[in-house]
Amino acid sequence: MASASRLLPPAPPPSAQLRGPRDRLAVRRLRCRASASASATDGAVLLERGGPAAVAVREFVTLDELRAAVRLRVRTFYEYAVDSVGTEDHRKALADREFEALQDRISGKMINFQRVSCINGTVPLSPSLMSAEELCSTCKFVEDGEERVVVGSLDLNQCLWLPDELTGKKPGVNEDIQTRAYLSNVCVAKEVQKKGLGYTLVDKSKKLAREWGITDLYVHVAIDNIAGQKLYEKSGFVYEGEEPAWKARFLGRPRRLLLWLDMSKVPL
């Protein structure tokens with residue numbers, strides 16, 4: 001369940017070997033992967049001790065939180081060879097560039113993006129998180145004196161199209177009225193996957209899209225990302241189209257499916 005971008009990132013250091021992205025989607029600059037820094041049992045520790053109520057899903061509040069969300073995306077979307085050198089510098093360069101680009105999208109400085117919001121799932125930093133030390137150190141931020149960790153994130157983009165992605169066909173009546181939106185950069189930290197956070201993030205985005213007057217919501221997902229497809233199907237999305245094989249080869253990524261949600265059928 002992931003998304004990523006297309007504007008090319010800075011070149012990696014000469015000795016840093018990047019493995020190909022497993023899944024990429026939407027708005028500029030990111031690629032998808034799940035980090036393997038914690039064991040499979042860590043996710044249970046992260047969310048079950050605090051309970052579901054411990055996870056706050058909302059639009060970002062501070063720039064510190066936004067930067068932490070970007071670091072989660074870089075951590076999730078890029079995989080490096082074990083023996084790579086300079087990976088931390090490369091991750092930092094990616095995070096800095098995406099942070100600036102995300103701020104530009106949110107502030108309306110980028111053409112085509114009418115409105116953009118970053119929605120995050122965050123949890124308090126607590127002893128139950130200590131088993132996921134790398135996640136905490138990478139994705140931590142401070143709000144009102146409390147340390148929290150971003151464990152899931154996505155962007156809701158009100159626009160007609162996303163760079164290098166299939167364009168939705170609906171509503172298609174009056175392109176001057178932008179009631180079309182796309183989800184992008186959807187990611188959940190590996191340590192807390194399969195706990196329902198991805199579904200909650202998407203559900204929150206649907207509620208916000210309704211507030212914006214969106215009639216048609218889209219998401220792109222890699223054709224081999226079965227977990228992501230199941231998530232979006234559960235959330236009410238249906239198949240609309242798929243990327244030609246030649247385009248995927250040209251962009252160096254797995255083919256994408258374009259999924260559509262009719263917002264008029266989303267329960268109030």
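Where does Val-192 lie? In this predicted model, Val-192 is part of the loop between β7 and α5. Its relative accessibility is 1%, so Val-192 counts as buried, the cut-off being under 20%. Along the chain Val-192 and Gly-152 are 40 residues apart, and their C-alpha atoms are separated by 8.6 Å.

The protein chain has 268 residues, of which 53% count as buried. Its elements are 7 helices and 10 strands. Among contacts in the protein chain with a separation of 6 or more, 75% are between residues 24 or more positions apart.

The confidence of the prediction comes next. For the protein chain the mean pLDDT is 82, and 78% of the residues reach 70 or more. Over residues 3–46, however, the pLDDT is below 50, although this stretch has 164 contacts in the model beyond near neighbours in sequence. Another such stretch is residues 48–53, where pLDDT stays under 50. For residues 48–53 the model has 4 contacts beyond four places in sequence. Where pLDDT is low, the predicted coordinates should not be read in detail.

Helix α2 covers residues 63–77 and helix α3 covers residues 87–107. The two pack with their axes 9 Å apart, at an angle of about 125°. That angle makes α2 oblique to α3, and the crossing of the two helices is right-handed. On the α2 side, the residues that meet α3 are Leu-63, Leu-66, Arg-67, Val-70, Arg-71, Arg-73 and Val-74. From α3, the partners include Arg-91, Leu-94, Ala-95, Asp-96, Glu-98 and Phe-99, and Leu-102, Gln-103 and Ile-106 are also among them. Sorted by class, the contact of α2 with α3 has 9 nonpolar, 1 polar and 6 charged residues.

Helix α3 also holds His-90. Is His-90 buried or exposed? His-90 counts as buried, because its relative accessibility is 2% and the cut-off is under 20%. The C-alpha atoms of His-90 and Val-74 are separated by 9.9 Å, while the two residues are 16 residues apart along the chain. Val-74 is also one of the α2 residues that meet α3.

The peptide bond from Lys-170 to Pro-171 is cis, with omega near 0°. As background to both cases, most residues other than glycine have a negative phi, and most peptide bonds are trans.

Strand β7 contains Leu-183. At 0% relative accessibility, Leu-183 counts as buried. Between the C-alpha atoms of Leu-183 and Leu-154 the separation is 6.9 Å, and along the chain these residues are 29 residues apart.

The loop between β7 and α5, where Val-192 lies, also contains Lys-194. Which value does the phi of Lys-194 take? Phi of Lys-194 is near 65°, a positive value in a residue other than glycine. Lys-194 has a relative accessible area of 86% and is therefore exposed, the cut-off being over 50%. Val-192, in contrast, counts as buried at 1% relative accessibility.

The last pair to follow is helix α5, residues 197–212, and helix α6, residues 226–234. Their axes are 10 Å apart and they pack at an angle of about 45°. That angle makes α5 oblique to α6, and the crossing of this pair is right-handed. From α5, Gly-198, Tyr-199 and Val-202 meet Leu-231, Tyr-232 and Lys-234 in α6. By class, this contact of α5 with α6 has 4 nonpolar, 1 polar and 1 charged residues.

Methods. Residues are numbered from 1 along each chain as its sequence is written. This is a predicted model: local features need pLDDT of at least 70, side-chain atom pairs count only at pLDDT 80 or more; totals for chains, interfaces and linings use all residues. Side-chain values use heavy atoms; hydrogens and water are left out. pLDDT is the predictor's confidence in each residue, from 0 to 100. Contact means heavy atoms within 4.5 Å. Axes are lines fitted to C-alpha atoms, for helices over the stretch in contact, and angles run from 0 to 180 degrees between N-to-C directions. Helices (H or I, at least four residues) and strands (E, at least two) are DSSP runs, numbered from the N terminus. Angles under 35 degrees count as roughly parallel, over 145 as roughly antiparallel, 65 to 115 as roughly perpendicular and the rest as oblique. A crossing is left-handed if the near helix is turned anticlockwise from the far one by less than a right angle, and right-handed if clockwise. Ala, Val, Leu, Ile, Met, Phe, Trp, Tyr, Cys and Pro count as nonpolar, Asp, Glu, Lys and Arg as charged, and the others, Gly among them, as polar. Buried means under 20% relative accessible area, exposed over 50%, partly exposed in between (1.4 Å probe, protein chains only).
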